[in-house]
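Here is a friendly walk through the structure below, with a few stops along the chain. Please keep the viewer open as you read.

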Amino acid sequence: MAGQEISKEEALSRHGYRHACHIMLYADTNAKLFGKIPIKHIVLMQMRFDGLLGFPGGLVNPSEESLESGLSRELGEEIGAAIPVSPEDHLSSCFAPSTPHLITHFYTKKMKEGELREVEKAAVMTAADHGLEVMGMVRVPLYFLKNGGGFPAFLSHSFISNSRSQLLSALGVLGLVSQDDLRAAVARADKMRHSETQ
């Protein structure tokens with residue numbers, strides 16, 4: 001059952017489960033790395049207190065607040081910005097792969113590049129959890145470098161729970177990275193991780 005997707009409605013009808021909501025904030029960009037490599041999209045994740053990569057968000061109590069208002073509250077604490085989240089931003093719900101009796105709800109929200117930059121500033125300047133629960137925001141490098149750098153190298157890092165699969169799924173569903181490029185990046189990242197353990 002762990003990792004199995006279910007509808008949000010079914011998830012909320014389950015008794016004895018806790019709920020965690022996280023969100024991928026992203027924007028389009030015309031920026032280029034070194035003036036020549038198109039970045040195309042800015043996708044935000046965060047470095048957590050435990051050294052793992054994840055998405056902003058946290059535990060929500062559906063008996064006291066909606067999933068979306070709870071997620072907005074968590075965003076205020078973690079990134080210092082009031083970002084409204086709507087039911088339309090919901091992408092998936094599933095049983096957490098590593099924690100029993102926890103259901104994770106994943107959201108995505110497209111913003112303008114300028115708005116996303118303001119979020120990055122707020123995460124450092126005003127977020128109550130900066131330097132405590134959250135070490136800082138991180139941009140996902142969606143480009144590929146010849147030596148395996150960029151996206152494959154990023155995917156070789158350690159992620160909390162199912163955040164790596166949430167990232168890959170969202171990038172594919174939203175069309176930010178082609179399915180072929182996703183498969184190639186995962187294969188390269190897995191090869192990097194395997195070589196490190198040898």
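Asp89 sits in the loop that joins α2 (67-79) to β8 (90-95); helices (H or I, at least four residues) and strands (E, at least two) are DSSP runs, numbered from the N terminus. This is a predicted model, in which local features need pLDDT of at least 70 and side-chain atom pairs count only at pLDDT 80 or more, while totals for chains, interfaces and linings use all residues. Residues are numbered from 1 along each chain as its sequence is written, and side-chain values use heavy atoms, with hydrogens and water left out.

With a relative accessible area of 13%, Asp89 is buried. Here buried means under 20% relative accessible area, exposed means over 50%, and partly exposed covers what lies in between (1.4 Å probe, protein chains only). Which residues does Asp89 contact, leaving aside its neighbours within four places in sequence? They are Pro84, Phe106, Tyr107, Thr108 and Lys109, where contact means heavy atoms within 4.5 Å.

Ile83 also belongs to the loop between α2 and β8. Its relative accessibility is 4%, so Ile83 counts as buried. Beyond the neighbours within four places in sequence, Ile83 is in contact with Leu25, Ser72, Leu75, Lys109, Met111 and Val119. Its C-alpha atom is separated by 12 Å from that of Ala122, which is 39 residues apart from Ile83 along the chain.

α2 has 13 residues and reaches 18 Å from its first C-alpha to its last, close to the 18 Å expected at 1.5 Å a residue; the expected span is 1.5 Å times one less than the number of residues. Its buried residues include Leu67, Glu68, Gly70, Leu71, Glu74, Leu75, Glu78 and Ile79. Are they on the same side of α2 or on opposite sides? They cover an arc of only 155 degrees around the axis, so they lie on the same side of α2; the arc is that of the directions from the helix axis to the C-beta atoms. An α-helix has 3.6 residues a turn, so residues three or four places apart point the same way. Just after α2, Gly80 takes a positive phi of about 65 degrees.

Helix α5 (residues 163-173) is mostly covered, with eight of its eleven residues buried. Those buried residues are Ser163, Arg164, Gln166, Leu167, Leu168, Ala170, Leu171 and Gly172. Just after α5, Gly175 has a positive phi of about 75 degrees.

Most residues other than glycine have a negative phi, and most peptide bonds are trans.

Next come the aromatic rings. Rings of Phe, Tyr and Trp (its six-membered ring) pair if their centres lie within 6.5 Å; planes under 30 degrees apart count as stacked, over 60 as edge-to-face and the rest as tilted. By this rule the structure has four aromatic pairs. In one of them, the rings of Phe154 and Phe159 have their centres 5.7 Å apart and their planes at 80 degrees, so this pair is edge-to-face. Both Phe154 and Phe159 are buried.

How many disulfides does a search of the whole structure find? The search finds zero, a disulfide being a pair of cysteine sulfur atoms within 2.5 Å. The sulfur of Cys21 has its closest cysteine sulfur in Cys94, 12 Å away, which is too far for a bond. Cys21 is buried at 0% relative accessibility, and Cys94 is buried with a relative accessible area of 9%.

Met192 lies in helix α6 (residues 179-196) and, at 17% relative accessibility, counts as buried. Not counting residues up to four places away in sequence, Met192 touches Asn147, Gly148, Pro152, Ala153 and Ser156. The C-alpha atoms of Met192 and Pro152 are separated by 8.4 Å, and the two residues are 40 residues apart along the chain.

Finally, a database record. UniProt lists residues 16-146 for "domain: Nudix hydrolase" in an unreviewed entry; its positions are given in the numbering used here, feature names are shortened, and annotations may be inferred rather than shown by experiment. In the model, the end C-alpha atoms of residues 16-146 lie 48 Å apart, and the span is 20% helix and 38% strand.
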